[in-house]
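Please brief me on this protein chain. Keep it short, and group the points by topic.

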Amino acid sequence: MKLFIIVPCYNEEAVLAETTVRLQAVCRQLEEAKKVAEAHLLYVDDGSSDGTWNLIGQCSARSSMVHGLKLARNVGHQKALWAGLEWAATRCDAAVSIDADLQDDVAAIPVMVDKFLGGADIVYGVRRDRPTDTFFKKHSAQLFYRLLQRLGGDVVYNHADFRLMSWRALEALVRFPERSLFLRGLVRSLGFRQEYVYYDRSERFAGTSKYPLRKMISFALDGITSFSVRPLRFIVLSGLLFILISVGAILYGLWSYVCGKALPGWTSLLVSVWFIGGSILTAMGIIGEYVGKIYYEVKRRPRYFIEEETGENDP
């Protein structure tokens, strides 16, 4: 059995050396225990502007276990991870994806391999809790998972992109044609036999988070609009509600006129115009998100370009 550990990187110069040490130790542990015949690391440099790629090259030169892909430009975490999964799909029996920041517990990887050897095609790494996250990040993330589930999206609660996938799950995944990627939903939709490994999330070893609030919001919108059309249905329901409100307002106006209680005024009219106007703009924005996705999808542009590779091409 051949295993790849895929690590997308963006400006991870501060943590990459320690990440390599820890993941190589896991690879050797798996090989010594005869759970895998070969274990390799694949770093995917997502257009870093620091010395990340140079470090990957140095690690690769020192060890045949380390390989690297350098993307021609920054395309985002999900597409960089996709590039690694697509590269590994025809070269391995199973692949584990993990972030470079060492917040996910590398000790969970051997447990994932055990479950794979037991017949699982997909093994999710699930966080027991988020003790190292800020109050805002912890609760906003939990709100996102709950909201997506309520909207019909099938995702694993408290699971990010730390998972193991078998070769046939990988082959099925790379057949998806989407350009707007939300891998947590795509992998879940594959089916196959799925298992879970629970772990405690650690603090980032070094460096800073590559997911500021702006990217978190964009990622959440991608997840919701990629796997649910319920926001569009809410617009229809809102429209019906406004019709009922308007009918009630008309009946009340006619009653006031008949009873001679109608008074000229602008307050109620002003409130109504602002409320309905804001609702219309919100509805247009939701529709615009879906139209924008259609726009990106129909152009069928490549997700990424590989500028350079390091390590053996076919280990």
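This is a predicted model: local features need pLDDT of at least 70, side-chain atom pairs count only at pLDDT 80 or more; totals for chains, interfaces and linings use all residues.

The chain has 10 helices and eight strands. Of its 315 residues, 43% count as buried.

**Whole chain**

- The chain exposes about 16,600 Å². Carbon and sulfur atoms supply 60% of that area.
- Residues 24 or more positions apart account for 83% of them.

**Helix α1**

- Helix α1 covers residues 16-32, which makes 17 residues. From first C-alpha to last, α1 reaches 24 Å, close to the 24 Å expected at 1.5 Å a residue.
- The buried residues of α1 are L16, T19, T20, L23, Q24, V26, C27 and L30. Seen down the axis of α1, they fall within an arc of 160°, so they line one face of the helix.
- An α-helix has 3.6 residues a turn, so residues three or four places apart point the same way.
- V21 and E32 lie on the other side of α1 and are exposed.
- Several elements pack against the buried residues of α1. The strands are β1 (2-9), β2 (38-45) and β3 (66-71). The helices are α2 (52-62) and α4 (108-117).
- K34 follows α1 and has a positive phi, near 65°.

**Helix α4 and its crossing with α1**

- Two packed helices are described by the angle between their axes and the distance between the axes.
- For α1 and α4, the axes come within 10 Å and cross at roughly 35°. The crossing of α1 and α4 is right-handed.
- Which residues meet here? On the α1 side they are L23, V26, Q29 and L30. On the α4 side they are I109, P110 and V113.
- Of these, L23, V26 and L30 are among the buried residues of α1. I109, P110 and V113 are among the buried residues of α4.
- The buried set of α4 also includes A108, M112 and F116.
- Cover for the buried residues of α4 includes α1 and the strands β1, β4 (94-97), β5 (122-127), β6 (159-166) and β7 (194-199).
- Just after α4, G119 takes a positive phi of about 120°.

**Helix α2**

- T52, W53, I56, C59 and S60 are buried in α2. Seen down the axis of α2, these buried residues fall within an arc of 120°, so they line one face of the helix.
- The face of α2 turned away from the buried side carries the exposed residues N54, A61 and R62.
- What covers the buried residues of α2 includes helix α1 and the strands β1, β2, β3 and β8 (306-310).

- V96 sits in strand β4. V96 is buried, with a relative accessible area of 0%.
- V96 and I5 are 91 residues apart along the chain, yet their C-alpha atoms are separated by 4.7 Å.
- Leaving out residues up to four places away in sequence, V96 touches L3, F4, I5, I6, I109, M112, F162, R163 and L164. I109 and M112 are among the buried residues of α4.
- L71 sits in strand β3. At 1% relative accessibility, L71 counts as buried.

**Positive phi in loops**

- N11 is found in the loop between β1 and α1. Phi of N11 is near 55°, a positive value in a residue other than glycine.
- F192 lies in the loop between α7 (183-188) and β7. F192 is not a glycine, but its phi is positive, about 60°.
- Is F192 buried or partly exposed? F192 is partly exposed, with a relative accessible area of 35%.

Definitions and conventions: Residues are numbered from 1 along each chain as its sequence is written. Side-chain values use heavy atoms; hydrogens and water are left out. Helices (H or I, at least four residues) and strands (E, at least two) are DSSP runs, numbered from the N terminus. The expected span of a helix is 1.5 Å times one less than its number of residues. Buried means under 20% relative accessible area, exposed over 50%, partly exposed in between (1.4 Å probe, protein chains only). The arc is that of the directions from the helix axis to the C-beta atoms. Contact means heavy atoms within 4.5 Å. Accessible areas come from the Shrake-Rupley method with a 1.4 Å probe; for residues, only the protein chains shown count as cover. Axes are lines fitted to C-alpha atoms, for helices over the stretch in contact, and angles run from 0 to 180 degrees between N-to-C directions. A crossing is left-handed if the near helix is turned anticlockwise from the far one by less than a right angle, and right-handed if clockwise.
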